[in-house]
Amino acid sequence: MKKTILFLMVLAMFAGSTIMAQNVHPKREFRGAWMPTVTNNYKGMPTEKIKAKIINELDTMQMAGINAVLFQVRPEADALYPSELEPWSRFISGEQGKAPDPYWDPTQFVIDECHKRGMEFHAWINPYRVKANLKNELAPTHLYYKHPEYFITYG
């Protein structure tokens, strides 16, 4: 009998602490928004205008209740961050393989700006697309030239 009472007391304490923990740390929703880079949003813009545009977009998302941003960091087997493996994306500098001038890291900038707003950052990659348009020129350092057997043309 004493064991049963002791068991029930421990069970009640555990259940009570679980309920309290759920009230203190309630489940939250993932309210994410995509930030594409292939839409030429930044084409021809100087760095400071790109940064201001990103800040404005993040502020707007925050006001809308977005708590997670999915930022496109690899649109065409290239990168919007410094990489020894992939060339710089043309969507930030206008030319694939060309670093932004003045030099900056767009991905790190978005990470920092998301965290200032209490938003999560998620890197979004396109693992298979090399070109959004067959007319686009690839950087000489692109993986396509190192291993053309990895790629097919379609569409």
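Are R117 and E113 buried or exposed? R117 is buried, and E113 is buried as well; buried means under 20% relative accessible area, exposed over 50%, and partly exposed in between, with a 1.4 Å probe and protein chains only. The structure is a predicted model, in which local features need pLDDT of at least 70 and side-chain atom pairs count only at pLDDT 80 or more, while totals for chains, interfaces and linings use all residues. Residues are numbered from 1 along each chain as its sequence is written, and side-chain values use heavy atoms, with hydrogens and water left out.

**The sheet**

- Three strands form an open sheet in the order β1-β2-β3, with parallel pairing; two strands pair if DSSP finds at least two bridges between them.
- Strands (E, at least two residues) and helices (H or I, at least four) are DSSP runs, numbered from the N terminus.
- Strands of a sheet pair through backbone hydrogen bonds, either parallel or antiparallel.
- β1 and β3 (120–125) are the edge strands, each of which pairs on one side only.
- From one strand to the next, the twist averages 30°.
- Strand β2 (residues 68–74) runs parallel to β3 and is joined to β3 by six bridges.
- In this pairing, V69 stands opposite F121 of β3.

**Helices on the sheet**

- Helix α2 packs on the sheet and touches β1 and β2, and its direction makes about 160° with that of β1.
- Helix α4 lies across β2 and β3, at about 150° to β3.
- Axes are lines fitted to C-alpha atoms, for helices over the stretch in contact, and angles run from 0 to 180 degrees between N-to-C directions.

**Packing of α2 against α4**

- Helix α2 (residues 47–63) and helix α4 (residues 106–116) pack at an angle of about 35°, and their axes are 11 Å apart.
- K51, I54, I55 and L58 of α2 make the contact with F109, V110, E113 and C114 of α4, where contact means heavy atoms within 4.5 Å.
- V110, a residue of helix α4, is buried at 0% relative accessibility.
- Leaving aside residues up to four places away in sequence, V110 touches I54, L58, F71 and F121.
- V110 and F121 are eleven residues apart in sequence, and their C-alpha atoms are 7.8 Å apart in space.

- P46 is found in the loop between β1 (32–35) and α2, and P46 is partly exposed, with a relative accessible area of 46%.
- P46 and D101 are 55 residues apart in sequence and 8.4 Å apart in space, C-alpha to C-alpha.

**Salt bridges**

- Side chains of opposite charge can pair when their charged atoms come close.
- A salt bridge is a side-chain nitrogen of Lys or Arg within 4 Å of a carboxyl oxygen of Asp or Glu, and by this rule the count comes to seven.
- R117 forms a salt bridge with E113, with the closest N and O atoms 2.8 Å apart.
- A network of salt bridges links D59, E113, K116 and R117.
- E57 and K53 meet in a salt bridge of 3.7 Å, N to O; because they are four residues apart in helix α2, about one helical turn separates E57 and K53.
- E57 counts as buried at 19% relative accessibility, whereas K53 counts as partly exposed at 28%.
- R31 forms a salt bridge with E29, in which the closest N and O atoms are 3.6 Å apart.
- R31 is partly exposed, with a relative accessible area of 36%, and E29 counts as exposed at 53%.
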